[in-house]
Amino acid sequence: MRILHVLNHTQRLNGHVHAAVDLACAQAAHGHDVCVASGGGDFDSLLQKNGIKTVVVDHKRSFPNLAKALVHLRGHVRDFDAEIVHAHMMTSAVLAFPVCRLAGIPLITTVHNEFEKSATLMGLGTRVIAVSDVVGASMRRRGVPSSRLCVVLNGTIGSARADQRSEVPAALSSPSILFVGGLHPRKGLPDLLQAFEIVHRSNPDAHLYVVGDGPFKQAYVDMASQLSCKQAITFVGPTADPYPYMLGADIFVLPSHADPAPLVLSEAREAGCAVIGTKVDGIPQLLEQGEAGMLVPPGDPQSLARTLADLLERPDQIDTWKARSQVRLEHLTIDRVARETMQVYLAALSKSAPAQKNAETERSRSPADALSSGHRK
């Protein structure tokens, strides 16, 4: 199958980009012809290394630029002879919708950031993929009918991005607590900082590592500097490969306030961490509803502190939860994501076959045929 993915850019440190790149590479590995149209970025070389064509479609949101992007995308769809167009963000979906209608081919959209109001526009797809059950329910409430909606749970294990990663654990002070994510309020890092201060009073050997970057980094560094346990908190900063930190950590914590289906949880589980996540959005599903990781209420540092303290004071429980992180881990592979996504494509192609045939007929007609037909009407 000839598949063209459309996304804003291919820069690192963005979950929806990781998911799209992982899927494109897995599809190429399965023997499909794959092209990625985006504003470009860090992952273009990886895509090309995996036999994926990359073309530029600038997604900057100005009317003149979007008009150019529309023309460019239509040309890429035609030149690549795409059978499926798969859009991963709102701007991509809006650009791809008229192009696909004109070409008579299905548009697949994936809802990565359901918490954004603009996610409603992802309903433009012939088929709409939700990255978790909770996201699917939200899109149904927004008016996307169940007949066009499919849930394909995020998973990243076995991705091409992991091919060159280090398998050497980072040297962390034990017992170690790790956070990996964007430094903005949605990820809930202030809750973890408050919880760690409580825990550190009775567990002074514990150390917290924060891996990631974002617009609130300095605010969180300043917050940590005011805590009595500041000497036990390390802000690592951004890294191209956080996996060694996961391999070296005892406990992984994701205290998000909103998180549709964070890829980092499958990576933390693969690394064998004891995992704590919040009962929000797709996190419970990725932790097997509490079987593969502990769940705490979002925005509740006291509950998080109690859970952390229970683990730190009973090291055997850390080992227990490390083992439990492996429960049904095979369900979080990119191979499974690629296979389920292909089923969505086939369903969309089946539905759009009559429209596609009509579009191809129209394109093949000569001007004289069209004039004659119009005259007969």
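Residues are numbered from 1 along each chain as its sequence is written, and side-chain values use heavy atoms, with hydrogens and water left out. Because the model is predicted, local features need pLDDT of at least 70 and side-chain atom pairs count only at pLDDT 80 or more, while totals for chains, interfaces and linings use all residues.

## Nonpolar cores

A nonpolar core is a set of buried Ala, Val, Leu, Ile, Met, Phe, Trp, Tyr and Cys residues joined through side-chain atoms within 4.5 Å. Buried means under 20% relative accessible area, exposed means over 50%, and partly exposed is in between (1.4 Å probe, protein chains only).

The largest nonpolar core has 90 residues. The members that touch the most others are Leu-4, Leu-73, Val-85, Met-246, Phe-252 and Leu-308. Helix 4, residues 90-103, gives the most to this core, with seven residues. Helices (H or I, at least four residues) and strands (E, at least two) are DSSP runs, numbered from the N terminus. A separate second core has 15 residues, among them Ile-84, Ile-129, Val-152 and Val-344.

Contact means heavy atoms within 4.5 Å. Leaving aside residues up to four places away in sequence, Phe-252 touches Leu-178, Val-180, Met-246, Val-264, Leu-265, Ala-268, Cys-273, Ala-274, Val-275 and Ile-276.

Two packed helices are described by the angle between their axes and the distance between the axes. Axes are lines fitted to C-alpha atoms, for helices over the stretch in contact, and angles run from 0 to 180 degrees between N-to-C directions. Angles under 35 degrees count as roughly parallel, over 145 as roughly antiparallel, 65 to 115 as roughly perpendicular and the rest as oblique.

| Helix pair | Angle | Axis distance |
|---|---|---|
| Helix 3 (residues 63-80) and helix 4 | roughly 50° | within 10 Å |
| Helix 11 (residues 301-313) and helix 12 (residues 315-324) | roughly 105° | within 4 Å |
| Helix 6 (residues 189-202) and helix 7 (residues 217-225) | about 15° | 11 Å |

The axes of helix 3 and helix 4 cross at roughly 50°, so helix 3 is oblique to helix 4. Helix 3 passes helix 4 in a right-handed crossing. A crossing is left-handed if the near helix is turned anticlockwise from the far one by less than a right angle, and right-handed if clockwise. On the helix 3 side the contact is made by Leu-66, Ala-69, Leu-70, Leu-73, Arg-74 and Val-77, which meet Thr-91, Leu-95, Ala-96, Pro-98, Val-99, Leu-102 and Ala-103 in helix 4. By class, the contact of helix 3 with helix 4 has 11 nonpolar, one polar and one charged residues. In this count, Ala, Val, Leu, Ile, Met, Phe, Trp, Tyr, Cys and Pro are nonpolar, Asp, Glu, Lys and Arg are charged, and the others, Gly among them, are polar.

The axes of helix 11 and helix 12 cross at roughly 105°, which means that helix 11 is roughly perpendicular to helix 12. Here Leu-311, Leu-312 and Glu-313 in helix 11 meet Pro-315, Gln-317, Ile-318 and Trp-321 in helix 12. By class, this contact has five nonpolar, one polar and one charged residues.

Helix 6 and helix 7 pack at an angle of about 15°, so helix 6 is roughly parallel to helix 7. Helix 6 passes helix 7 in a right-handed crossing. Leu-189, Pro-190 and Leu-193 in helix 6 meet Tyr-220, Met-223 and Ala-224 in helix 7. The contact of helix 6 with helix 7 has six nonpolar, no polar and no charged residues.

## Individual residues

Ala-338 lies in helix 13, residues 334-364. Ala-338 is buried, with a relative accessible area of 3%. Not counting residues up to four places away in sequence, Ala-338 touches Leu-23, Ala-26 and His-30. The C-alpha atoms of Ala-338 and Ala-29 are separated by 10.0 Å, although these residues are 309 residues apart along the chain.

Thr-320, in helix 12, is partly exposed at 33% relative accessible area.

## Backbone exceptions

Most residues other than glycine have a negative phi, and most peptide bonds are trans. The peptide bond from Ser-174 to Pro-175 is cis, with omega near 5°. Pro-175 lies in the loop between strand 7 (149-151) and strand 8 (176-180).

Gln-289 has a positive phi of about 55°. Gln-289 sits in the loop between helix 10 (283-286) and strand 13 (294-296), and is exposed at 59% relative accessibility. Arg-328 also has a positive phi, near 50°. Arg-328 belongs to the loop between helix 12 and helix 13 and is partly exposed at 37% relative accessibility.
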